[in-house]
Amino acid sequence: MCVRDKNKDKQLLNLSAAAALAFAVLGVAVGGLSGSIVILFDGAYSLMSLFLTMLSLAASSYMRAPSRSQFAFGKAIIEPLVVAIKGTVILMLLCFSLSSAMTTILSGGKAIDMSIAAVFGFIGLLGCAGVWWFLARQNGPQRSGLFAAEIKQWKMDTIISAAVCAGFIIAVLMAYTPWHAYAVYADSVMMLLIGSYFISVPLTMLTGALRELLMMKPSQEICSLVHESVSEANGSSLQELEITGIAKVGPELMVNINVNPKKSNQLLPDLQKIRALMDKKLATLSLDIKLNLDIVTEAK
C-alpha cells in the first residue's frame with residue numbers, strides 16, 4: 001500500500017472515531033434515561049467501536065514507521081492481530097448483553113420509556129447508516145484490512161439501530177393492543193434477536209484474523225490467482241517452478257516457489273523474468289507481494 005493510501009486510511013479512521021464518540025455518548029445517556037438494555041448495548045458498542053478505532057489508528061501509524069531492528073520481516077502481522085482483538089472484544093460485549101437480556105426475561109421483563117427509545121432508534125439509524133454508507137463508498141482494493149474491519153463495525157451498528165428503531169415502534173403500538181402486558185419483554189427479546197443474528201460477525205473477524213496469524217491457506221480467489229500466475233510463468237520459463245507455500249498476512253501476500261534449474265546459464269535472467277511476470281499478474285490483488293524463489297539443486 002502506498003503512502004497516499006495509508007494517509008487516506010488514517011483520515012477515514014479519524015472520522016470513524018469522531019462519529020463513534022458521538023453515538024457512544026448519546027447511546028449511554030439515552031440508555032440510562034430509558035432503562036433499555038438494547039440502547040445501552042448500542043451505546044456501549046459505539047464506545048467500544050471508538051476504542052477499537054483508536055487501536056486501529058495506533059496500529060496504522062505504527063505500521064508506517066520504520067523499525068527494521070525490531071521487525072526484521074516487517075509489521076504486517078500487526079494488522080490481523082488488531083482485527084483479532086476487535087473480534088474478541090465485540091464477541092465478549094455481545095455475550096454479556098445476551099446474558100443480561102436472558103436474565104431480564106426470566107425475572108419477568110422490564111418496563112422502559114418506549115417513546116424516548118423509539119426516537120433514539122430513529123436518530124441512531126440515520127446517523128449510523130450515513131457513516132456506514134460514506135465509509136463503504138471509500139472502500140476498495142487499496143484500503144487496508146483495518147479499514148475493512150471498521151466498515152463491518154458500522155454495518156453491524158447500522159443494522160442494530162434499524163432493529164432497535166423497528167422494535168420500539170412495534171412496542172409502542174403494542175401498548176394500544178390486548179397484548180400490552182407483553183411490552184415489558186420487548187427490549188430483552190430485541191437484544192436476544194440482535195445478538196443471536198450478529199454473533200457471526202465477530203466470529204468471522206476472529207477466525208479470519210487467526211488464519212492469517214497462523215499463516216494458513218488464504219481465500220480460494222487468492223490461491224487460484226497465484227496458481228494461475230505460476231502456470232503462466234512455467235509456460236514461458238526455462239526453469240521448472242513448484243509452489244511450496246502461500247500465505248496472506250495483513251497487507252502482504254507471501255508466496256514461496258521452488259525453482260528447479262534446467263539451464264543454469266540462463267538462471268539469473270530467467271528468475272528476473274519470472275518475478276516480473278508474477279508481480280504483474282498478482283498486482284490485481286492490491287497486496288504487497290513477497291515472492292521467494294528458492295533454487296533447488298539435486299544432490300549428486
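**Note on the predicted model**

1. Val-164 touches Val-38, Ile-39, Gly-121, Met-190 and Ile-194, leaving aside residues up to four places away in sequence. Touching, or contact, means heavy atoms within 4.5 Å.

2. On the basis of the values: this is a predicted model, in which local features need pLDDT of at least 70 and side-chain atom pairs count only at pLDDT 80 or more, while totals for chains, interfaces and linings use all residues. Residues are numbered from 1 along each chain as its sequence is written, and side-chain values use heavy atoms, with hydrogens and water left out.

3. Overall fold. The chain has nine helices and three strands. In sequence order the pattern is α-α-α-α-α-α-α-α-β-β-α-β. Helices (H or I, at least four residues) and strands (E, at least two) are DSSP runs, numbered from the N terminus. Of contacts between residues at least 6 apart in sequence, 75% join residues at least 24 apart.

4. Burial and surface. Of the 300 residues, 44% count as buried. Buried means under 20% relative accessible area, exposed over 50%, and partly exposed in between (1.4 Å probe, protein chains only). The accessible surface of the chain is about 15400 Å², and 65% of that belongs to carbon and sulfur atoms. Areas come from the Shrake-Rupley method with a 1.4 Å probe; for residues, only the protein chains shown count as cover.

5. Main core. The largest nonpolar core has 36 residues, and Ile-39, Ile-90, Met-156, Ile-160, Val-164 and Phe-168 touch the most other members. The elements giving two or more residues to this core are H2 (37-64), H3 (78-106), H4 (114-138), H5 (145-174), H6 (186-198) and H7 (200-213). H3 gives the most, with eight residues. A nonpolar core here is a set of buried Ala, Val, Leu, Ile, Met, Phe, Trp, Tyr and Cys residues joined through side-chain atoms within 4.5 Å.

6. Second core. A separate core of 21 residues includes Cys-223, Leu-267, Leu-271 and Leu-285.

7. Glu-212. This residue sits in helix H7. Glu-212 counts as buried because its relative accessibility is 18%. Beyond residues up to four places away in sequence, Glu-212 touches Pro-80, Lys-248, Val-249 and Gly-250. A polar atom of the Glu-212 side chain lies 2.7 Å from the backbone nitrogen of Gly-250.

8. Salt bridge. The count comes to one salt bridge, where the rule is a side-chain nitrogen of Lys or Arg within 4 Å of a carboxyl oxygen of Asp or Glu. Lys-248 pairs with Glu-212, with the closest N and O atoms 2.9 Å apart. Lys-248 lies in strand S1 (residues 240-249) and Glu-212 in helix H7, so the pair ties together parts that are 36 residues apart in sequence. Both partners, Lys-248 and Glu-212, are buried.

9. Nonpolar patch. Leu-26, Val-119, Phe-122, Ile-123 and Leu-126 make a nonpolar surface patch of about 450 Å². H4 supplies the largest share, four residues. Leu-26 lies in helix H1 (residues 3-34). Leu-26 is partly exposed, with a relative accessible area of 33%. Patches take residues with over 30% relative accessible area and no salt bridge; like charges are joined within 9 Å, and nonpolar side chains (Val, Leu, Ile, Met, Phe, Trp, Tyr) within 5 Å.

10. Ser-61. This residue lies in helix H2. Ser-61 counts as partly exposed because its relative accessibility is 27%. The C-alpha atoms of Ser-61 and Lys-10 are separated by 7.9 Å, although the two residues are 51 apart along the chain.

Technical notes. A polar contact is a pair of N or O atoms within 3.5 Å; within protein, one must be able to donate a hydrogen and the other to accept it, and residues adjacent in sequence count only if both atoms are side-chain atoms.
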